[in-house]
Amino acid sequence: MSELETLSFSQPLTWSQSEHCLVVSAAEPLYTLSSALVGGGFGHCQHFANFHVDKDYDGHHPKDDLLRWLADQRLPLSAVAMMTAVRLHSACAVSVPLAATTNGVLALVTAGVGNAVDISVSSDADPRLMLRSTPRVGTINTFLFLDAHLTDGALVNASLSATEAKVQALREMGVNDPFSETPATGTSTDSLSIAATQRGDPTPYAGSGTAIGRAIGQAVYQATLGSLTKSQQVSPCWG
C-alpha cells in the first residue's frame, strides 16, 4: 500500500492505495448507509475499501472474495467493501463546503462506463441480464462522507441526491447505453456508500431543496466527471 495521505474532510480521513486496493479510514466509526455487498445497509463503519479486479473476474463468489481480501489487508470484516474493474488510479476525490464547514462533504469516485445502462429501458431481450456469463468492465463506485447528522430517512434522501448527480455527470459526458442507444443512467454494478459524522442537529432531509443535498450534488458530480476524465490517465484527481 502507498503511504497514508490525509483527505480534505472536516474529520480525519486517511487514504492508502495499491494497484489492488484503495482504503479510506476514519478516525472514529461513522454512521453509514451502503449498497455494497460487504458492509451493506445501515451500520457503523470506520474503514471503506475499493478492490480492483481483472476484467475477466468471474464474479461467482464476490462476497467471499471481498471478505478474503479484507482479511489479507488486515481490515475488519465489518468494513464497507466494493470491487471494480476500473484501475484505481482513476480515483477522484472532491471536497465542497457545507454551511460554515470548509470541507463538510467529500465524494470519492472510481468510474468506468464500459457497462453503461439506461435503467428506464425494458429489459426484454437485453443479454446483459446474464451478468455472470457476460462480465463487462464498467462500474461507478461512490464513497460519500458528510459532516452532518442525518436521520435514516435523510440518508436515503442523500442516496437519491448522489444518484441524480451521477446521472447528470453521465449526461454531461455523453455516455449512452450501447444496447438501447439512449442516455445511460449508470452501470449495472454501481455501488454507493454514505458515511456521516452525526455531529450537530439532526436533519430529516438531504434532497435538492437543502444545502446538504446541493453540496452532495456538487461533490458527486465533480468527482464522477473527474474520474471518468482520469480513467485513461495515470495520476489521481484531488479536488
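Predicted model: local features only at pLDDT ≥ 70, side-chain atom pairs only at ≥ 80, totals over all residues.
Local features need pLDDT of at least 70, side-chain atom pairs count only at pLDDT 80 or more, and totals for chains, interfaces and linings use all residues. Residues are numbered from 1 along each chain as its sequence is written, and side-chain values use heavy atoms, with hydrogens and water left out.

**Cores**

A nonpolar core is a set of buried Ala, Val, Leu, Ile, Met, Phe, Trp, Tyr and Cys residues joined through side-chain atoms within 4.5 Å. Buried means under 20% relative accessible area (1.4 Å probe, protein chains only). The largest such core has 35 residues. V105, L144, L146, L150, I212 and I216 have the most contacts inside it. Elements supplying at least two residues each include β3 (21-34), β9 (140-146), α2 (152-173) and α3 (211-230). Helices (H or I, at least four residues) and strands (E, at least two) are DSSP runs, numbered from the N terminus. The largest share, seven residues, comes from α3. Apart from this core lies another, of 21 residues, among them L22, A36, M82 and L108.

**Helix pair**

α2 and α3 pack at about 40°, with axes 8 Å apart. Axes are lines fitted to C-alpha atoms over the stretch in contact, and angles run from 0 to 180 degrees between N-to-C directions. Contact means heavy atoms within 4.5 Å.

| Helix | Residues in the contact |
|---|---|
| α2 | A158, S161, A162, A165, K166, Q168, A169, L170, E172, M173 |
| α3 | G213, I216, G217, V220, Y221, T224, L225, L228, T229 |

By class, this contact has eleven nonpolar, six polar and two charged residues. Ala, Val, Leu, Ile, Met, Phe, Trp, Tyr, Cys and Pro count as nonpolar, Asp, Glu, Lys and Arg as charged, and the others, Gly among them, as polar.

Conventions: Buried < 20%, exposed > 50% of the residue type's maximum accessible area, 1.4 Å probe, protein only.
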